[in-house]
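Here is a colleague's note to read with the model open beside it.

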Amino acid sequence: MKSGVYAIIGILLGVFLCVAGYHTISGAVSFGNTLTGVTQSITPIFVLFGIGVIASLLGFAGIILEKHDKKIAAIQYLICGIFVLIGGLFIFGGIPAIFFIVAAYIAYQEGIQERKQVIEKESMIQCPYCQSLVPNGAAKCKFCTEWINKKEEK
Ligand SMILES: [Zn+2]
């Protein structure tokens, strides 16, 4: 669940920086409006940073998804990263995007690791005499040296 930690940092930074970015840029625009006398709408900025905030909050979905499928969670984090990057106008979205991409990478690696462990577990059988895990297909238990009857397994 190390990836979850990076995702939470990504969520917090994404929300914080997008809100801060919105205030900075909308402040600059309204200052520009008073200087030039030309009224420029801040709606596009609002929409963009709104996307950034929503994309960050969607990181929570990735954390939930991790319990079911790490690879899907990794894709989720990656999408969050891309949208927070765009929504946060690259400058504000860059840092949270990095955390999301790191979270995606770790989740993906953890997913591969988990799959390996499952395969390893499945290719092992329990010795009926000493309960140790022995490779599937072994005729003799290496722990208690008992002969394993394959027919008993079925
Ligand atoms: Zn044994």
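1. **Confidence.** Please keep in mind that this is a predicted model. The protein chain has an average pLDDT of 91, and 96% of the residues score at least 70. Helix 4 has the highest confidence, with a mean of 96, whereas helix 6 (residues 150-153) has the lowest, at 52. Where pLDDT is low, predicted coordinates should not be read in detail.

2. **Helix 1.** This helix has 35 residues, and 50 Å separate its first C-alpha from its last, close to the 51 Å expected at 1.5 Å a residue. Its buried residues are Ser-3, Gly-4, Tyr-6, Ala-7, Gly-10, Ile-11, Leu-13, Gly-14, Leu-17, Cys-18, Gly-21 and Tyr-22. Helix 2, helix 3, helix 4 and helix 5 are among the elements that cover them. After helix 1 comes Gly-37, with a positive phi near 80°.

3. **Helix 2.** Which residues of helix 2 are buried? They are Phe-49, Gly-52, Val-53, Ala-55 and Ser-56. Because they cover an arc of only 165° around the axis, they sit on the same side of helix 2. The face turned away from that buried side carries the exposed residues Thr-43, Pro-44 and Val-47. The cover over the buried residues of helix 2 includes helix 1, helix 3, helix 4 and helix 5.

4. **Helix 5.** The 29 residues of helix 5 (residues 94-122) should span 42 Å at 1.5 Å a residue, which agrees with the 42 Å between its end C-alpha atoms. Buried here are Pro-96, Ala-97, Phe-99, Phe-100, Ala-103, Ala-104, Ile-106 and Ala-107. These buried residues pack against helix 1 (2-36), helix 2 (43-57), helix 3 (59-65) and helix 4 (70-87).

5. **The nonpolar core.** The largest nonpolar core has 26 residues, and those touching the most other members are Ala-7, Tyr-77, Val-84, Phe-100, Ala-103 and Ala-107. At least two residues of this core come from each of helix 1, helix 2, helix 4 and helix 5. In soluble globular proteins, nonpolar side chains tend to be buried together.

6. **Val-84.** Setting aside residues up to four places away in sequence, Val-84 touches Gly-14, Gly-52, Ala-55, Ser-56, Gly-93, Pro-96, Ala-97 and Phe-100. Of these, Gly-14 is one of the buried residues of helix 1, while Gly-52, Ala-55 and Ser-56 are among those buried in helix 2. Pro-96, Ala-97 and Phe-100 are among the buried residues of helix 5.

7. **Ala-74.** Apart from neighbours within four places in sequence, Ala-74 is in contact with Ala-104, Ala-107, Tyr-108 and Gly-111. Ala-74 and Ala-107 are 33 residues apart in sequence, yet their C-alpha atoms are 5.4 Å apart in space.

8. **Leu-58.** The loop between helix 2 and helix 3 holds Leu-58. This residue counts as partly exposed because it has 18 C-beta neighbours inside 10 Å. From Leu-58 to Cys-80 the C-alpha distance is 6.6 Å, across 22 residues of sequence.

9. **Two positive phi values.** Please have a look at Gln-131, which has a positive phi of about 65° although it is not a glycine. Gln-131 lies in the loop between strand 1 (124-126) and strand 2 (133-135) and is exposed, with 10 other C-beta atoms within 10 Å. The other is Thr-145, again not a glycine, with a positive phi near 60°. Thr-145 belongs to the loop between strand 2 and helix 6, and with 9 other C-beta atoms within 10 Å, Thr-145 is exposed.

Technical notes
Residues numbered from 1 in each chain as written. Helix = DSSP H or I, 4+ residues; strand = E, 2+ residues; numbered from the N terminus. Expected span 1.5 Å × (residues − 1). Buried ≥ 20, exposed ≤ 12 C-beta atoms within 10 Å, placed from the backbone. Contact = placed C-beta atoms within 7 Å. pLDDT = per-residue confidence, 0-100. Arc of directions from axis to C-beta. Core = buried A, V, L, I, M, F, W, Y, C linked by C-beta atoms within 7 Å.
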